[in-house]
Amino acid sequence: MGEKKIGLGSVIATGVGLVVASSCLLSLGIGAGGIGTPFIITMAIACVVNILTLLSVAELNALMPNLTGGLAQFSLAGVGPFITIICMVGGYLLCNSLAGSVEGAVFGNTFSSMFGGSIPPWVFTAVLIGFLLITNLNGVDVFIKVQDFVAYALIASLVIMGVLGTLGIGTGEVVNQPAVLASDFKSVTGICGLAFFLFVGGEYVIPLTKNCRNAKRDIPLGMILSMLIILAMQIFMVLGFKNYTQWDELSASTTPQILYGKMLLGPIGRYWMLVVTLLAAISSVNTIMSSLSYILMGMSKIELLPAFFQKTNKKGAPYIGIVIVATFFLVVNITGLSSTDSISFMIAVLAILWLISYMVSNLDVLLLRRRLPNAPRNFKVPFGNLLPILGILGSGYMIYSIDPSVEVKLLIYKVVGITIVALSIYSFFWVKIKVKRPLFQPYAIKEVMAMESDLYSKFHKKVG
Amino acid sequence: MRVAIEELSKVEIITREAKVSELTENASRFGITGMTIYNALGCGVQLGTQEYENEKSDSLRLLSKQVVMVVLPTREVDSFLDFVEKSLYTGHIGDGKIFVTPVTNAIRVRTGEEGMDALKEGTLD
């Protein structure tokens, strides 16, 4: 009882801290460098679509409170195991893995830009991943005490630098360049997918429900305000970029925030952003490596992944998941994530997979409203089915307009398509052979809730 | 038979002990002037089977529950039920059952007041 102590302020702080990562700044640099200040409109569209999905997630959380598996469990109750495995287990896990890889690349690129010389950036990334692999296998979270501080330091740095740049009061030279590079509809909306990446992860706030003083009000409100605060922060950064950084240099940079820091405040700004970026990237890679291995474990408990993910070593760490995740980060980085183009391509693929899981979350709301119209919901998305439908359409539109170049877009769709086909094959056989349930039959909410208990898998293993 | 002028309803809520305090803290918002809570043993359609168990129990397993009984004006019942449902809801089996029945009259023995007067602070004292 005494645990309930988190207020709206803490929810917002956590929400902003979880969403803003150093890789977001790369999207910001690429987007703003591409079309100039109209990227603010692109960001606003992406922000609204994210808010629509977060409202749906808040309603699902009200219907199935305190679940650790999050979106996967919601979708199990909404659309059944086949789609859940494709979108949530596959897509969502893959998204997080790619996000961790991109954070690793940001670390490598940042470190290399300062001290690298001729050493390729991925070498630094590999050293970091190796170090975090060892600490995680030993059950030691080296960053647990500082990760909040690091996240807030990054946010505070961005706010200060954004405002200084917007007001034109930096010590660097103000650049004379057009604010608008492209303002036609196609250019502005054509990179929504990139802007979407600036706001993903708002749903990570959901686990705070347990510790919230007034969860009914603070969780949905906190998620929305986090998004709006992030939007405001990014708007200041874009305006600051316009005043201090050449657009073409910005879009070509793998570390736009460091470039901006240098142009705004000289060497002090450069070192400031360098330190903050390095710490934030290390913290993010560590967090994702650790949380993903536990998510894999959770998915395995509810029979959506093989049982070996539940194995732990002497230190209690789910070692198979940790090793797989670390290997994935490593392979993605070694095979080339050091150029802006490859990272932006990866971000686009990632955004589509994430958007698909967001579309399914909106769909879950509509389906569960039909199935359980009278179940008590402490939070219900207002205006009937309109907002979840808009969330689906908005996410669909962002997938459609993931890149302005048709050629690149088709290539992105191809990668996503191959991924989905591979996941579908796995999902089909897994559901048929292991889960032994109809592909599209949703689980009852009571069963999804029961799965949360450790005893569920024990009891079901004994018999099955 | 003496019948109260104002329509009254009795709401009986069977739920987990842990949830009762949430109800008692906020009950005064709905014109509730008194409340009776008693311990009970019982089971529902699952016959006491725990939600994580694979098969339904063959024999009855009686679980420890609490029953909250309140009488309130019928016009307040809908909003009270909405509040109770949202307070008790966890999505898990065993959240509870609510029974609503009409009350034809209530009498305060000491003063003879009837209906809502018997439930409110006495005016005859």
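## A residue to start with

Is A422(A) buried or exposed? A422(A) is exposed, because it has 12 other C-beta atoms within 10 Å; here exposed stands for 12 or fewer such neighbours, buried for 20 or more and partly exposed for anything in between, with C-beta atoms placed from the backbone. A422(A) sits in helix α17 (residues 406–435) of chain A. Helices are DSSP runs of H or I with at least four residues, strands are E runs of at least two, and both are numbered from the N terminus. In sequence A422(A) is 336 residues from I86(A), yet the C-alpha atoms of the two are 8.9 Å apart in space.

A quick word on ground rules: this is a predicted model, where local features need pLDDT of at least 70, side-chain atom pairs count only at pLDDT 80 or more, and totals for chains, interfaces and linings use all residues. Residues are numbered from 1 along each chain as its sequence is written, while chains are lettered from A and ligands numbered from 1 in the order in which they are written.

Chain B comes with 3 helices and 4 strands, laid out along the sequence as β-α-β-β-α-β-α. Its C-alpha trace spans about 60 × 30 × 20 Å along the principal axes. Out of 125 residues in chain B, 14% count as buried. Take the contacts in chain B between residues at least 6 apart in sequence: 68% of them join residues at least 24 apart. A contact here needs two C-beta atoms, placed from the backbone, within 7 Å.

Across the interface, 15 residues of chain A are in contact with 11 residues of chain B. On the chain A side, α18 (445–451) and α19 (454–463) each supply at least two residues, and α19(A) gives the most, with 5 residues. By class, that side of chain A has 11 nonpolar, 3 polar and 1 charged. For the classes, Ala, Val, Leu, Ile, Met, Phe, Trp, Tyr, Cys and Pro are nonpolar, Asp, Glu, Lys and Arg are charged, and the others, Gly among them, are polar.

## The nonpolar cores

A nonpolar core is a set of buried Ala, Val, Leu, Ile, Met, Phe, Trp, Tyr and Cys residues joined through C-beta atoms within 7 Å. In soluble globular proteins, nonpolar side chains tend to be buried together. The largest core has 156 residues, and the members touching the most others are A46(A), F196(A), V285(A), L350(A), A351(A), I352(A) and L355(A). Helix α15 (residues 340–371) of chain A gives the most to this core, with 18 residues.

Leaving out residues up to four places away in sequence, A351(A) touches G193(A), F196(A), F197(A) and I402(A). There is also a second, separate core of 10 residues, including V68(B), V70(B), V77(B) and F80(B).

## Helix pairs in chain A

Which way do α6(A) and α14(A) run relative to each other? Helix α6 (residues 121–137) and helix α14 (residues 319–334) of chain A have axes that come within 10 Å and cross at roughly 175°, so α6(A) and α14(A) are roughly antiparallel. Axes are lines fitted to C-alpha atoms, for helices over the stretch in contact, and angles run from 0 to 180 degrees between N-to-C directions. Under 35 degrees is roughly parallel, over 145 roughly antiparallel, 65 to 115 roughly perpendicular and the rest oblique. Residues in this meeting include W122(A) and I129(A) from α6(A), and Y319(A) and F329(A) from α14(A). The contact of α6(A) with α14(A) has 11 nonpolar, 3 polar and no charged residues.

The axes of helix α3 (residues 39–63) and helix α16 (residues 386–400) of chain A come within 9 Å and cross at roughly 135°, which makes α3(A) oblique to α16(A). Among the residues that meet are A46(A) and V49(A) in α3(A), and L387(A) and G394(A) in α16(A). This contact of α3(A) with α16(A) has 8 nonpolar, 5 polar and no charged residues.

## An enclosed helix and some positive phi values

Helix α12 (residues 256–265) of chain A has 10 of its 10 residues buried, so it is largely enclosed by the rest of the structure. K262(A) is among the buried residues of α12(A). Just after α12(A), G266(A) takes a positive phi of about 75°.

Most residues other than glycine have a negative phi. F383(A), not a glycine, has a positive phi of about 65°; F383(A) lies in the loop between α15 and α16 of chain A and is exposed, with 9 other C-beta atoms within 10 Å. K436(A), also a residue other than glycine, has a positive phi near 55°. K436(A) is in the loop between α17 and α18 of chain A and counts as exposed, with 10 C-beta neighbours inside 10 Å.
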